[in-house]
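Please open the structure in your viewer and keep the selection tool at hand. The tour below moves from one stop to the next and says what to select at each.

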Amino acid sequence: MKMKKQMLCLALAGMTLLGIAACGQSTEETAGIVDTETVTNDLAANKAVIETVDDLSGKRIGVQLGTTGDIYASDYEGDDAGTIIERYNKGADAVQALKQGKIDCVIIDEQPALAFVEQNRGLKILEEEFALEDYAFMVAKENDELLVRVNESLAELKEEGVLDSIKKNYVGAETEVGKYPYEPADIERINGTLTVATNAEFPPSEYYEESKITGMDMDIMQAVCDKLGMELQIEDMAFDSIISAVSTGKVDIGAAGFTVTEERKKNVNFSDTYTTSKQVIIVVDETAEIESAGFVEKFYDNFIKEQRYMYLLRGLGNTLLITIFAVMIGIVLGFLIAIVRTNHDRNGGLALLNAICKTYLTIVRGTPVMIQLLIIYYVIFRSINTGKMVVAVIAFGLNSAAYVAEIVRSGIMAVDIGQFEAGRSLGLTYKQTMISIIMPQAVKNILPALCNEFISLLKETSISGYIGLMDLTKGGDIIRSVTYEAFMPLIAVAIIYLIIVMGLSKIVNLLERKLRNNER
């Protein structure tokens, strides 16, 4: 009977989430109805069809954060016409916002734009280009030797016709696309590994296909590795994180359709250009007839096709691993800090350790966990080649320890001082009194708060994608970038988190019940 009730609760929770998402309005959007009504008329009056670049003034323009489109569109920001630039972490998110009417157009690279329009009916690309640009690969400032070798390889590949062949395979004529796949050379790769950072959400330059990152840029990088006798290793991360990863030495090369700009050249060096592209404008095609896919078709495309559910499973595995090991660090370090702080509060001892602990707590509790993760990855571990999983565990563990410490300290201080004095009067040492008398009572009191901290930690790991680590949320993002469907991947991720949290809450309830029974 209990199992049936639990299953019913899960089903109802899932249906509730589906209903909320289907409505297409978040709580924040609903709360903002009064505010948005005041600008609705202005937007309607400004809703003239965008046919040329001259029509952009006064519109809501969507761009991907850190891209060339973002740089160029920024010139319109703050003009007298009231142009608004909406910046998104992913190009697919900007396109989704355009389809939902949240913005008027999207400025993005031509080749990804062609893929977006092909996969999203009801959109079109304006004939007039927004800007021309040349693509190149990025190398760290101090890595001149690698830059020379990459340029030499690109020159050889161009002379041999390999570059043209790769480009025709992805962006050639209709009769050429897919007809010239690049095959890695069968050679000994004795010169190590070339680590390439990309943002695999820009088809056909870089994207996921059958759980593998592929695309024009990746094939060129593979060809360069064949010339250098190196193994290719690709790391997928947020576009605006790639320059930091290259400049700090976390990766060797950045390859994600980067345009050479003076601002970027201050932080990294660029290889010779390997192709020319342009920035284009995507708008809604008012004349297009849109056929909506059915639920079964969408479910198949999002999870079954090419075994895309594996992104969620791999991400879930990493999320659980990060959470488990971070919890261990949080508990051990948190309890130690709590004991130091409690000892100082009651006895005035360990003054130096207490000062260090207070400083640590102030810094960690006073800064966002995402900033801490990025600082640990790009600054503290800048010159240390540590796996991303280890960095994530350390970052989340240190963050959790600060909150666990305060929770434990409050639990210890809540135990009547007479309990401590009674233990000492019986001849127990300070350590024995804490372990045998104080801690058991404190743990029982703080168990609910401790559980909430661990649940929060589980959900906080969803930002691991900022350092290119595949977690559950990142898995859903990859599916979204491939299918351009936001509803199902997001709801699937939300339901998985919900089930895990409900399971953890159930375990804690059982522990609390057992502790209460022991008191009888």
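**Cysteines and the chain as a whole**

The structure holds zero disulfides, a disulfide being counted when a pair of cysteine sulfur atoms lies within 2.5 Å. In general, a disulfide is a covalent bond between the sulfur atoms of two cysteines. Select Cys-225, which is buried with a relative accessible area of 0%. Then select Cys-357, which is also buried, at 10%. Here buried means under 20% relative accessible area, exposed means over 50%, and partly exposed lies in between, using a 1.4 Å probe and protein chains only.

The model on the screen is predicted: local features need pLDDT of at least 70, side-chain atom pairs count only at pLDDT 80 or more, and totals for chains, interfaces and linings use all residues. Residues are numbered from 1 along each chain as its sequence is written, and side-chain values use heavy atoms, with hydrogens and water left out.

Now display the whole chain as a cartoon. The chain has 20 helices and twelve strands; these are DSSP runs numbered from the N terminus, with helices being H or I of at least four residues and strands being E of at least two. Of its 520 residues, 46% count as buried. Among contacts (heavy atoms within 4.5 Å) with a separation of 6 or more, 76% join residues 24 or more positions apart.

**First helix pair: α13 and α18**

Select residues 309-347, helix α13, together with residues 430-460, helix α18. Their axes come within 11 Å and cross at roughly 135°. Axes are lines fitted to C-alpha atoms, for helices over the stretch in contact, and angles run from 0 to 180 degrees between N-to-C directions. The two helices are therefore oblique to each other: angles under 35 degrees count as roughly parallel, over 145 as roughly antiparallel, 65 to 115 as roughly perpendicular and the rest as oblique. The crossing of α13 past α18 is right-handed. A crossing is right-handed if the near helix is turned clockwise from the far one by less than a right angle, and left-handed if anticlockwise.

Show the side chains at this contact. From α13, they include Thr-319, Ala-326, Ile-331 and Phe-335, and from α18 they include Tyr-430, Met-439 and Phe-454. The residues of this contact comprise eleven nonpolar, four polar and no charged. In this grouping Ala, Val, Leu, Ile, Met, Phe, Trp, Tyr, Cys and Pro are nonpolar, Asp, Glu, Lys and Arg are charged, and the others, Gly among them, are polar.

Next, select residues 162-171 for α8 and residues 216-228 for α9. These helices pack at an angle of about 155°, with their axes 9 Å apart, and they are therefore roughly antiparallel to each other. α8 also passes α9 in a right-handed crossing. Val-162, Leu-163, Ile-166, Lys-167, Tyr-170 and Val-171 of α8 meet Met-216, Asp-219, Ile-220 and Ala-223 of α9. By class, this contact has eight nonpolar, no polar and two charged residues.

**A covered helix: α15**

Which residues are buried in helix α15, residues 369-380? Select Val-369, Gln-372, Leu-373, Ile-376, Tyr-377 and Tyr-378 to see them. Their cover includes β9, α10, α14, α16 and α18.

Select Thr-195 in strand β6, residues 193-198. Thr-195 counts as buried at 12% relative accessibility. Leaving aside neighbours within four places in sequence, Thr-195 is in contact with Gln-233, Glu-235, Val-251, Asp-252 and Ile-253.

Move to Lys-90, in the loop between β2 and α5. Lys-90 is buried, at 13% relative accessibility. Apart from residues up to four places away in sequence, Lys-90 touches Gln-64, Glu-201, Asp-477 and Arg-480. The C-alpha atoms of Lys-90 and Ala-238 are separated by 8.1 Å, although these residues are 148 apart along the chain.

Ala-97 lies in helix α5 and is buried, at 4% relative accessibility.

**Backbone details**

Select Pro-203 and Pro-204: the peptide bond from one to the other is cis, with omega near 0°. Pro-204 lies in the loop between β6 and β7.

End in the loop between β7 and β8, where Glu-210 is placed. Glu-210 has a positive phi of about 55° although it is not a glycine, and it is exposed, at 58%. Ser-211 is found in the loop between β7 and β8 as well; its phi is near 65°, and it counts as partly exposed at 30% relative accessibility.
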